[in-house]
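Reader: I'd like a close look at one part of this protein, with the cut-offs spelled out. Here it is.

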Amino acid sequence: MTTLLIATRNAHKVGEIQAILGTSFRCLTLKEFPDAPAVIEDAETFAGNATKKAVELARWLAQKLPTSNIQHPTPEFVLADDSGLEVDALNGAPGVHSARFAALDKTENSHDADNNAKLLRLLKDVPLAKRTGRFRCVIALVPVPAGKVESTSPVCFVDEFEAQIFDGACEGRIQLAASGQGGFGYDPLFVLDGFTRSFAELGEDVKNQLSHRAKALKKLENYFRLPPTSTK
Ligand code: IMP
C-alpha cells in the first residue's frame, strides 16, 4: 500500500482527504512530523503554492529520513492541497488569498467568520443570479527521493522533485447569508449548482462525493491505478 504524507496543518482538509481516499492509501499527517517546517504560501497560483508545499516537505523528508529513527512507515509521496473560492463578481477573488482574505495586510490567516463576513460585505449589492463562483482545489504529489538530497539550488528545486498536479472545481453560488454548521471555511455560504442547501448543511458524506477536493483526489487515485505510459 502506498504511504502518503498529507502536507497541511488544516485539520478539516486532512479529515476530508482521509475520508475521500479511504483505505486505498496509508495516510500520515504532520502530527507524525511535528518538526516539519512551515511553508510560506506566496505563489500567485494554487498550483504554485501546492507544488511549493509538496516540494519543500519532500526535500525536508529526504534529508531527515536517512538519519531519523521514525516509528511509522516512511512516506513515499508528499501530497499538498492548495484550494480556495473564486467569485465571478469579484474577478476571481478571494482565490489564492482565500485563507487570509480578511487579513490580506497581515501574514497570518484570518478566522473563517471574518472571511465570510468580508465576502458578504463585498457582495451586498450583487443579486443572487450574479453571485456565481466555484471552489477550486489543486493537489501536488511529489515523490520522496530515497537518500540524502544535497542540492539547495532554487533553480533545480522543483525539477528534482517532479510534481504531478491534479485539479478539481465545483461550480455554485454565494448565498445571501451563512447557513449550516458542517464543513469549514466558506462552506456555510456556498451552494453547489443543482442544490438549495449550503455545503455546511449537506454534510460531509455528500460534500466528499461532489467537492472540488473529491474531484482532484479522484484524478490522483486514477493516476495510481493507471500510471501514465512512458514516452521515452
Ligand atoms: P490554503 O490552506 O491556502 O489552501 O487555504 C484554503 C482556504 O480556502 C481555506 O482556509 C478556506 O478558507 C478556503 N477553502 C478551501 N477549500 C475549502 C472547502 O472545501 N470549503 C470551504 N472553504 C475552503
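Does E221 count as buried or exposed, and why? Take it from there into the packing.

Author: Quick ground rules: this is a predicted model, where local features need pLDDT of at least 70, side-chain atom pairs count only at pLDDT 80 or more, and totals for chains, interfaces and linings use all residues. Numbering runs from 1 along each chain as its sequence is written, and side-chain values use heavy atoms, with hydrogens and water left out.

E221 counts as buried because its relative accessibility is 10%; buried means under 20% relative accessible area, exposed over 50%, partly exposed in between (1.4 Å probe, protein chains only). It sits in helix α6, residues 212–225; helices (H or I, at least four residues) and strands (E, at least two) are DSSP runs, numbered from the N terminus. Skip the neighbours within four places in sequence, and E221 touches I20, L21, S24 and F25, a contact being heavy atoms within 4.5 Å.

Now the cores. A nonpolar core is a set of buried Ala, Val, Leu, Ile, Met, Phe, Trp, Tyr and Cys residues joined through side-chain atoms within 4.5 Å. The largest one has 25 residues, and L5, F33, L57, L61, V78 and V144 have the most contacts inside it. Two or more residues come from each of α2 (46–64), β3 (77–87) and β4 (132–143), with α2 giving the most, 9 residues. Beyond its neighbours within four places in sequence, V144 contacts A58, L61, A62, L65, P75, E76, F77 and V78. A second, separate core of 18 residues includes L21, C27, I139 and L220.
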